[in-house]
Amino acid sequence: MKFVAIVGTNSDRSTNRQLLHFMADHFANQAEIEVVEIKGVPVFTQPEDKIAPEIVQAISKKITEADGVIISTPEYDHSITAGLKSLLEWISYTDQALMDKAVMIVGGSLGSLGTSRAQNHLRQILDSPELKARVMPGTEYYLSNSGKVFDEDGHLIYPEKVLELEKHFTEFIGFVEILAQLREQGQLTSRRDTNFSWEIG
């Protein structure tokens, strides 16, 4: 399987980036995971031609070609970052590349609460009609105090958190396989709205 792993921040120092690179290395025998940055994604402004900037088009292409998407989000003011929100807005308004795509959400925070509120908000956003991603239900993976959980080589130092991540990743692979079967059977019936506009309504 091939997954795209989106770093949900444009910060140069991010434990969410560390988490995704750890996953790419740790699960290399199970899937190819390409870590994708959102640095350079401009703030969303509604384009008259409905064409996204080149960096967004490149990310959308990777998403389209992948079997699934992993998003690692920090938590800023109880929500996701402005950079990640802009990326999702560009995608929802243009090619809607996340529609019916399997998504796994993870996240790390320097605080003690992990990214529980940001992850919940991200789930709500991804469920919106113009995104309509298929977010894996029933699983939440948080890294609290994430500045202290990686060693110098980028490995998670707590075996219980590694085991928890392995369990979630195995479930995600199964989730991706189920969605693939439903797609083959014609059970996923979402339609992209090429006439969608936020100016109406």
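Me: How many of the 7 residues of strand E4 (residues 102–108) are buried?
Reply: This is a predicted model, in which local features need pLDDT of at least 70 and side-chain atom pairs count only at pLDDT 80 or more, while totals for chains, interfaces and linings use all residues. Residues are numbered from 1 along each chain as its sequence is written, and side-chain values use heavy atoms, leaving out hydrogens and water. Strands are DSSP runs of E with at least two residues, helices are runs of H or I with at least four, and both are numbered from the N terminus. Buried means under 20% relative accessible area with a 1.4 Å probe, protein chains only (exposed is over 50%, partly exposed in between), and in E4 the buried count is 7.

Me: Which residue of E4 stands opposite Ile70?
Reply: Two strands pair if DSSP finds at least two bridges between them. Strand E3 (residues 68–72) and E4 pair in the parallel sense over 5 bridges. Opposite Ile70 stands Met104.

Me: Which residue in strand E6 stands opposite Gly108?
Reply: E4 and E6 (residues 141–143) run parallel and are joined by 3 bridges. In E6, the residue facing Gly108 is Leu143.

Me: How many residues apart in sequence are the parts tied together by Phe3 and Phe172?
Reply: The structure holds 5 aromatic pairs, where rings of Phe, Tyr and Trp (its six-membered ring) pair if their centres lie within 6.5 Å, with planes under 30 degrees apart counted as stacked, over 60 as edge-to-face and the rest as tilted. The rings of Phe3 and Phe172 have centres 5.1 Å apart and planes at 50 degrees, so this pair is tilted. Phe3 lies in strand E1 (residues 2–7) and Phe172 in helix H5 (residues 159–184), so the parts tied together are apart in sequence by 169 residues.

Me: What is the relative accessible area of Trp90?
Reply: Phe44 and Trp90 form an edge-to-face pair, 4.9 Å centre to centre with 75 degrees between the planes. Phe44 is buried at 13%. Trp90 is buried too, with a relative accessible area of 4%.

Me: How far from the ring centre of Tyr141 is the charged end of Lys161?
Reply: A charge sits over a ring if NZ of Lys or CZ of Arg is within 6 Å of the ring centre and within 35 degrees of the ring normal. The charged end of Lys161 sits over the ring of Tyr141, and its distance from the centre is 4.7 Å.
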